[in-house]
Amino acid sequence: MEATATLLSFSLPSTKTQSFQILNRPINPFNPPTSFKPRPISKTHRFLPSINAAISRTRKEETVETVKDQLENCYLLAGINYKGLTVKQFQELRKSLPETTSLLVAKNTLVYKALEGTQWETLKPCMKGMNVWLFVHTEEIPSAIKPYRDFQKERKLEENDFTGAVFEGKFYGPDEVKKLETLPTRAEIYANLLGSLKSPSSALVTTIQAPARELVLVLKAHIKKLEEQEQGSAV
């Protein structure tokens with residue numbers, strides 16, 4: 001029997017590097033790629049005023065206008081050092097003051113901006129530190145200041161004193177404000193006038209030589225009384 005030889009072939013593993021396809025994970029659309037870089041802000045947008053700046057400017061303008069409104073029919077404007085006052089104390093102070101006075105907390109620079117060019121700009125020496133501003137809308141200055149003095153003494157707030165005041169265009173320093181607290185009232189001036197009319201001429205001359213404010217108040221009171229008498233006679 002003739003033997004049949006079968007040729008068997010074997011293939012050796014290839015030495016070439018086998019390539020594999022790597023499957024990437026899907027990108028999360030909510031996460032920016034690691035190579036993300038924010039777009040640079042253009043010069044045009046960089047110099048535009050922000051919303052906060054616009055609001056701040058509007059508030060400053062409103063504060064200046066508020067001060068100007070308070071100056072209408074104002075007879076005295078004073079600064080008070082309110083450094084250290086608590087919110088509760090400030091609220092109690094507001095309640096203790098008469099309706100003829102107003103308290104305003106505002107920056108010195110904004111207040112002075114409203115005062116410039118008016119008789120009140122002499123208050124400039126007060127434009128430092130922390131001030132609350134007292135506007136008095138009555139001729140009765142002593143009665144308007146007294147409630148704060150009482151509040152100050154009751155709570156022992158010696159350091160929270162007046163930093164200055166302006167009355168009839170004149171500046172009164174911290175030590176001079178007490179002079180304003182002793183001004184005669186309308187009733188006292190009127191009584192002095194009546195007494196002078198009944199006394200020798202020298203007393204009347206003394207009354208006429210009194211400060212302009214006192215003389216004006218006296219004349220106003222006298223004119224008002226004459227008008228009331230005329231109306232009574234007509235009836």
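Predicted model: local features only at pLDDT ≥ 70, side-chain atom pairs only at ≥ 80, totals over all residues.
## Confidence and overall makeup

Across the protein the mean pLDDT is 77, with 56% of the residues scoring at least 70.

As for the makeup, the protein has nine helices and five strands. Read from the N terminus, the order of elements is α-α-β-α-β-α-β-α-β-β-α-α-α-α. Of the 235 residues, 29% are buried. Take the contacts with a separation of 6 or more, and 76% of them are between residues 24 or more positions apart. The accessible surface is about 17,900 Å², and carbon and sulfur atoms account for 56% of that.

## Strand 3, enclosed on both faces

Now for strand 3. Six of its six residues are buried, so the rest of the structure largely encloses this strand. In a regular strand, side chains alternate between the two faces of the sheet. Here, Asn131, Trp133 and Phe135 point one way, while Val132, Leu134 and Val136 point the other way, and all of them are buried.

Which strands does strand 3 pair with? Strand 1 is one partner, antiparallel to strand 3 over six bridges. Strand 2 also runs antiparallel to strand 3, and five bridges join the two. Phe135 of strand 3 shows up in both pairings: Phe135 is the bridge partner of Leu77, and Ser102 stands opposite Phe135 too.

## Helix 5 and what it packs against

Helix 5 covers residues 141-154, which makes 14 residues. From first C-alpha to last, helix 5 reaches 21 Å, close to the 20 Å expected at 1.5 Å a residue. After the helix comes Lys156, which has a positive phi, near 55 degrees.

The buried residues are Ile141, Pro142, Ala144, Ile145, Pro147, Tyr148, Arg149, Phe151 and Gln152. What do they pack against? The strands on the list are strand 1 (76-81), strand 2 (101-105), strand 3 (131-136) and strand 4 (162-167). Helix 3 (87-96) and helix 6 (177-181) are on the list as well.

## Gln152, a buried polar spot

Gln152 sits in helix 5. Is Gln152 buried or exposed? With a relative accessible area of 8%, Gln152 falls under the 20% cut-off and therefore counts as buried. Leaving out residues up to four places away in sequence, Gln152 touches Leu157, Glu158, Asn160 and Asp161.

## Aromatic contacts

Searching the whole structure turns up two aromatic pairs. One of them is Tyr148 with Phe162: the ring centres lie 5.4 Å apart and the planes sit at 75 degrees, so this pair is edge-to-face. The pair connects distant parts of the chain, with Tyr148 in helix 5 and Phe162 in strand 4, 14 residues apart.

Both Tyr148 and Phe162 are buried. Phe151, like Tyr148, is among the buried residues of helix 5.

Notes:
Residues numbered from 1 in each chain as written. Heavy atoms only, no water. Helix = DSSP H or I, 4+ residues; strand = E, 2+ residues; numbered from the N terminus. Expected span 1.5 Å × (residues − 1). Buried < 20%, exposed > 50% of the residue type's maximum accessible area, 1.4 Å probe, protein only. Contact = heavy atoms within 4.5 Å. Pairing = 2+ DSSP bridges. Phe/Tyr/Trp six-rings, centres within 6.5 Å; stacked < 30°, edge-to-face > 60°. pLDDT = per-residue confidence, 0-100. Areas by Shrake-Rupley, 256 points an atom, 1.4 Å probe, with all protein chains shown as cover.
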